Each structure stands twice: as structure tokens, then as C-alpha cells.
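Here is a short tour of one model, written for someone who likes to check the geometry. Have the viewer open and follow along.

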Amino acid sequence: MSTLPADLARASILVVDDEQANLDLLEMVLADEGYVRVATTRDPRMVVPLFDAVHPDLVLLDLHMPHEDGFSVMRRLREHLPPEDFVPILVLTADVTPDAKQRALAGGAKDFLTKPLDTVEAGLRIRNLLETRLLYLGQQAARSRAEAGERRAKFLADSSRVLAASLDHHTTLATLARMVVPELADYCVIDVEGPGGEPERVGAAHVDPERERLLVEAAGL
């Protein structure tokens, strides 16, 4: 068994082939490589529901199957996925014609292997595509962190301006509650210590207008 990095070993793989013998072979190859999250189906009509269930990082797809061919499966996946998402498809087929390869690559496949499979080559192609997928996910996560940092910095700058804009702290804090929602939270209530030491609500906001109305009415704002 190959020693995979932990992130690769945890990658999710969906295998679609109408021949049980091919599924058995691919499951054996993937297990020998060290992959532990493998889902399979012989029915191409089940690809989209399975996709939503297992969230694969890679799809291994036969082209010529009963009920629905691989070209149609790729089209449905394109329609199902957000345009910016990247889930590689590796086509595995006995059809060695140039037309089949061109159609598969034009249809969304990122790589193409012919059957009978060279298991060593298949293992390398699978690993390369998964590494590309993980690189994509890492870039997406870094972009999300950067965007979140920019939003936090903007919120802090805006909050500072609000806090400095009025000497009436009740008005200032009520405005601040509205700034928090929905930027940082689904709802926000702000209490201060009242004249008798009891909490006094000075601000309330909620993403749901009806719930915000209830919060405001309960606080007598």
C-alpha cells in the first residue's frame, strides 16, 4: 500500500461504471493507494444524488453505460455545480477513438484513460488530479480568509467612526447593533448598566425583521 499524505488519503472519490468487475478493480487500486473514502455506483442516474451525499473531490467516470452515457452525466454535473467550483473528472473507457477523447475533454473531463487500465498509471493520474483539487481548495480557503479579513477591517473602521460620531452612547450603541447584523451575526442585543444597576437594553437588531420587531418591542425601544 502506498503512503499518502493525510489530506490525500481523506479525499472523497466517486466511481461510476456499469460493470461490477471494473468497480471491483478500481476499489482495489484505490485501497492499495491508501484512499479510504470511496463511493461507487453502477447506475449513472444516481450520480447527482451521490455527488450531493459524498461531496467527491474526484469523479472516475465510464463513458458508455446503459440508461445514460458519461457525456450526459458530465453535462448534468456542469449544470448542477456552481460555475466557479472545480471537481476533476477522470474518464475511464474502452473507447479509444479520437472523437470519444475529444468529446470527453470538451465535455468537462480533466483527464482520459483507456481500458484495460494500467493500474500504475491510473494511480498516478488519480493522485495528480486530487493534488490539483486540493490546491484549488487551498486557494479558495486563502481567498475566503483574505476576504473575511478585509470585511473585519472595514467593520472595525466603520465601528470606530460610529463610536466617535455621537456623545449620546445610547444612540451610538443602537447604531452599532445594526452594523453587527448581518455582517458578524444573525442578531445582536446591547445592554448597558442602568441607573439602578439593572441591565438596560439600548440596541437590538435581527436578520429576520419580524424577530427584530419582537426584540425591539420587548425592550421598549
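Predicted model: local features only at pLDDT ≥ 70, side-chain atom pairs only at ≥ 80, totals over all residues.

Two residues are in contact when they have heavy atoms within 4.5 Å of each other. Leaving aside its neighbours within four places in sequence, His206 touches Val181, Asp186, Tyr187, Arg211, Glu212 and Leu215. With a relative accessibility of 13%, under the 20% cut-off, His206 counts as buried. A polar atom of the His206 side chain also lies 2.9 Å from the backbone nitrogen of Asp208.

Next comes the sheet. Five strands, in the order E2-E1-E3-E4-E5, make up an open sheet with parallel pairing. At its edges are E2 and strand E5 (111-114), each of which pairs on one side only. From one strand to the next, the twist averages 20 degrees. Five bridges join E1 and E2 in the parallel sense, and Ser12 stands opposite Arg37 in E2.

Helix H2 (residues 20-33) passes a simple length check: at 1.5 Å a residue its 14 residues should span 20 Å, and the end C-alpha atoms are 20 Å apart, which agrees. Leu23, Leu26, Val29, Leu30 and Glu33 are buried in H2. Down the helix axis, these buried residues fall within an arc of 130 degrees, so they line one face of H2. The elements they pack against are listed here.

| Element packed against by H2 | Residues |
|---|---|
| strand E1 | 12-16 |
| strand E2 | 37-41 |
| strand E3 | 58-61 |
| strand E4 | 89-93 |
| helix H6 | 119-165 |

Just after H2, Gly34 adopts a positive phi of about 110 degrees.

Definitions and conventions
Residues numbered from 1 in each chain as written. Heavy atoms only, no water. Helix = DSSP H or I, 4+ residues; strand = E, 2+ residues; numbered from the N terminus. Expected span 1.5 Å × (residues − 1). Buried < 20%, exposed > 50% of the residue type's maximum accessible area, 1.4 Å probe, protein only. Arc of directions from axis to C-beta. Polar contact = N/O pair within 3.5 Å; in protein donor to acceptor, adjacent residues only side chain to side chain. Pairing = 2+ DSSP bridges. Axes fitted to C-alpha atoms, helices over the stretch in contact; angles between N-to-C directions.
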